[in-house]
Structure formats: structure tokens, C-alpha cells
Amino acid sequence: MLTITPPPGQRRGQAGLRRSLTTLLAAMAAAAALAGPVAAQSGDSAPETVQSTTTIPRAVELGDVEHGRELWEFECAACHEMGPGAGDGIGPQLNRVFGRRAAAVADFPYSDSIRRMGRDGLYWTFRTLDAYIENPYALVSGTRMSYAGLDDEGDRADLLAFMRLYSDQPGDIPEAEPTARRVEVELPPEVLEIRGDREWGEFLASECTTCHQRDGAAAGIPSITYWPEDRFVVAMHAYREGLRPHQVMQNIARRLTDEDIAALATYFATIDD
Ligand code: HEC
Ligand code: HEC
């Protein structure tokens with residue numbers, strides 16, 4: 001087990017403890033969401049027709065399907081296809097994306113980054129899709145999907161309600177999964193605004209560089225140097241909240257406070273200065 005020992009005089013307060021508990025709960029919910037994914041399937045067995053939404057009974061309404069359809073056309077359809085005969089475009093086809101493992105469409109030239117997340121066990125669920133659509137880099141740092149993100153939570157729910165129609169049995173996909181409501185994952189702006197203490201970051205970084213190369217070489221373990229700080233911060237929070245699947249990184253991130261993460265982001269962004 002890897003522990004990050006604060007130097008004398010630095011201690012975690014009550015707030016930190018409470019925060020870790022909330023995080024743990026969120027992570028447990030995420031683990032449950034990751035537990036029962038269905039096998040990935042390719043697009044050629046796509047359903048012939050997409051049933052009308054009014055006939056589909058659902059335990060929980062995710063959102064407004066009609067509005068979701070408009071958002072899909074406007075935000076996603078330039079790069080992705082769904083439905084009978086959907087093929088790959090700039091992005092992979094997204095039939096049956098709920099329950100599908102990340103980077104599972106054969107022959108699509110995915111980024112190494114999303115392939116790695118898929119190997120680690122990232123599955124597309126309501127929660128992970130929501131996070132990816134909100135900010136693709138939070139989940140997949142090196143993603144090739146150049147999409148700025150859909151900010152409004154209600155819009156994302158509408159869009160996902162529409163996309164869910166293109167899953168196997170839209171009314172009956174494992175209920176605990178696509179219908180599961182999101183757990184608190186958004187980073188309050190205060191967190192992104194924390195100014196990192198570079199010296200503290202340097203101190204903490206000695207643990208990280210037992211695995212990650214200081215010079216940014218990425219031999220098996222990805223490089224974490226010279227990232228934009230906000231991208232580093234969201235990545236670490238995504239591990240801490242269990243949105244990113246890698247167990248070791250989750251454990252490491254859960255021991256860090258918001259200030260620790262900001263400090264590390266600053267340090268690694270400027271490691272040679
Ligand atoms: C500019 C083109 C573009 C736009 C717009 C875009 N995407 Fe993507 N998307 C991609 C690319 C390229 C990838 C592959 C990412 C990679 O390789 O890292 C991708 C990957 C994905 C994946 C992961 C698929 C898999 O097989 O793991 C999902 C889910 C996704 N996009 C959903 C969406 C949704 C929903 C929208 C609209 C809100 C959207 N995308 C908008 C290009 C785009
Ligand atoms: C025991 C080895 C190990 C240690 C120690 C470690 N990491 Fe990692 N880290 C990894 C591995 C392996 C990955 C790839 C995980 C994945 O695929 O999600 C990773 C991924 C990451 C990523 C995401 C990279 C990407 O491209 O998506 C960040 C950011 C990160 N680590 C930061 C840190 C920080 C900060 C520390 C120190 C506090 C740290 N790591 C300590 C092994 C480690």
C-alpha cells in the first residue's frame with residue numbers, strides 16, 4: 001500500500017475526513033455501476049427500428065427524448081451515427097453504447113488513451129457517459145474526441161434519454177445501470193480555482209514518480225508532465241470519485257485533498273522550471 005505522509009505540522013482536518021466519506025460513497029455507487037456490464041456488440045446487429053418512446057415503459061425517466069434528439073443532431077451527428085446500418089464516421093458508431101466497454105468498436109482508430117481506459121474496465125453507463133459528454137478530458141485525458149462539452153445537466157439527461165433508445169431493449173436495460181441517477185461528480189468552480197502550492201506539490205510528487213517518469217516518458221504508464229492544470233485536476237478527481245476505473249490510481253487519489261491535487265497539478269505542469 002502506498003501512503004503519502006504529510007510532513008510534520010500538516011494534518012487532515014475534519015473536512016477532509018467527511019470529504020473522503022462522501023467520496024467513498026460515490027465510489028461505491030460507481031463500482032456498482034461498473035459491475036454488471038453487458039458484452040460489447042458491433043453495429044451490424046443494430047435493431048431494425050427504433051421503437052417510439054411513448055410505448056416504452058421505463059422505471060425512471062431520464063429526460064425529454066425529443067429534445068435529446070435535437071441535441072444529438074446538433075451536437076453529435078456530425079461525427080457519430082446511431083441506428084440501423086450505422087457506421088463509423090469521425091467518431092465510432094454508438095449503437096448499444098450503454099453497457100459497452102470503452103473503445104470496443106473493432107477497426108475504429110481510437111486514441112491510445114481511450115483504449116487504455118477500455119482495458120482498465122471503463123464501461124459506458126449513464127454516469128460515465130454523462131461525465132464524458134460534460135468534459136471528454138475528465139475521463140479520457142488524451143481523447144481524440146474534440147468536443148468542448150455539454151454544460152447543462154438537463155440537456156445531458158435529455159440527450160442520454162434519446163441515446164438509450166438505441167440500446168438493446170430500451171425499456172429494460174439493466175435497471176440499476178442506465179437509469180441510475182448521477183452521483184455528485186461535478187467540480188465546484190472553487191476547486192478548479194485553488195492555486196497549487198508548487199513546493200508542496202514537489203514533496204507529494206516523489207510518490208508519483210516511483211511510477212510516472214519525471215521526464216515525461218510514457219513507457220506503459222502514461223506521462224503526467226506539462227498538462228494544462230485544469231485537465232490534471234479533473235483527471236485526479238475522476239479517479240477519486242471512481243469515474244475512472246484504475247484501482248491503484250483511485251486509491252492514490254482518494255488520499256489526496258483538493259489542495260494536494262492542485263499542488264501536484266502545478267508542480268507537474270512546471271516540473272523543469
Ligand atoms: C468532432 C467530432 C465529434 C463530436 C462532435 C462528438 N464526438 Fe464523440 N467521439 C469522437 C471521436 C473521434 C471519438 C473517439 C475518441 C478517442 O479515440 O479517444 C469519440 C468517442 C465517443 C464515445 C466513446 C465511444 C466508444 O466506443 O468508446 C462516445 C460515447 C461519444 N463519442 C459520444 C459523443 C456524444 C454523445 C456526442 C455529442 C454530445 C459526441 N460524441 C460528439 C468524435 C466526436
Ligand atoms: C503504482 C504506480 C503509480 C503511482 C505511484 C501513481 N500512478 Fe498515476 N497512474 C498509474 C497508472 C498505471 C496509470 C494509468 C491508469 C489508467 O489507465 O487509468 C496512471 C494514470 C494517471 C493519470 C492519468 C493519465 C492519463 O493519461 O489518463 C494521472 C493524472 C496520474 N496517474 C497522476 C498521478 C499522481 C499525481 C500520482 C502521485 C500522487 C500518481 N499518479 C501515482 C500508476 C501510478
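These are my notebook entries on a predicted model of one chain and its two ligands.

**Entry 1: ground rules**

I number residues from 1 along each chain as its sequence is written, while chains are lettered from A and ligands numbered from 1 in the order in which they are written. The model is predicted, so I note that local features need pLDDT of at least 70 and side-chain atom pairs count only at pLDDT 80 or more, while totals for chains, interfaces and linings use all residues.

**Entry 2: overall build**

I looked up the helices and strands first. They are DSSP runs, numbered from the N terminus: helices are H or I with at least four residues, and strands are E with at least two. The chain has eleven helices and zero strands. Read from the N terminus, the order is α-α-α-α-α-α-α-α-α-α-α.

Next came burial. I call a residue buried if 20 or more other C-beta atoms lie within 10 Å of its own, exposed if 12 or fewer, and partly exposed in between, with C-beta atoms placed from the backbone. By that rule, 36% of the 273 residues are buried.

Then I checked contacts, meaning pairs of residues whose C-beta atoms, placed from the backbone, lie within 7 Å. Among contacts with a separation of 6 or more, 73% join residues 24 or more positions apart.

I checked pLDDT, the predictor's confidence in each residue, from 0 to 100. The chain average is 76, and 70% of the residues reach at least 70. Which helix has the lowest confidence, and which the highest? Helix α1 (residues 14-35) is lowest with a mean of 39, and α2 is highest at 95. Over residues 1-59 the pLDDT stays under 50, and the model gives this stretch 72 contacts beyond four places in sequence. Residues 170-185 are also below 50, with 45 contacts beyond near neighbours in sequence.

**Entry 3: around ligand 1**

I count a residue as near a molecule if its C-beta atom, placed from the backbone, lies within 6 Å of it. Ligand 1 has 29 residues around it, and the closest are Cys 76, Cys 79, Gly 91, Ser 111 and Met 145. Helices α2, α3 and α4 each give two or more residues to this shell. The most come from α4, which gives three.

For classes, I take Ala, Val, Leu, Ile, Met, Phe, Trp, Tyr, Cys and Pro as nonpolar, Asp, Glu, Lys and Arg as charged, and the others, Gly among them, as polar. The shell around ligand 1 then has 21 nonpolar, six polar and two charged residues.

I also looked at α4 (residues 126-134) itself, where nine of nine residues are buried. Phe 126, Arg 127 and Asp 130 are among them.

**Entry 4: around ligand 2**

Here I found 25 residues, with Ser 141, Cys 208, Cys 211, Pro 222 and His 246 coming nearest. Two or more residues come from each of α3 (112-120), α8 (198-208), α9 (229-240) and α10 (247-254). The largest share, four residues, belongs to α3. By class, I get 15 nonpolar, six polar and four charged residues. Both domain 1 (33-164) and domain 2 (187-269) supply at least three residues to this shell; the domain bounds come from an automatic or database assignment.

**Entry 5: the two sides of α8**

Which residues of α8 are buried? I found Gly 201, Leu 204 and Ala 205. The buried residues of α8 pack against α11 (258-269). On the other side, Glu 199 and Ser 206 are exposed.

**Entry 6: the loop between α2 and α3**

Arg 96 lies in it and has a positive phi of about 50 degrees although it is not a glycine. Arg 96 counts as buried because it has 24 C-beta neighbours inside 10 Å.

Ala 103 sits in the loop between α2 (65-76) and α3 too, with a positive phi near 60 degrees. Ala 103 is buried, with 20 other C-beta atoms within 10 Å.

Key
Contact = placed C-beta atoms within 7 Å.
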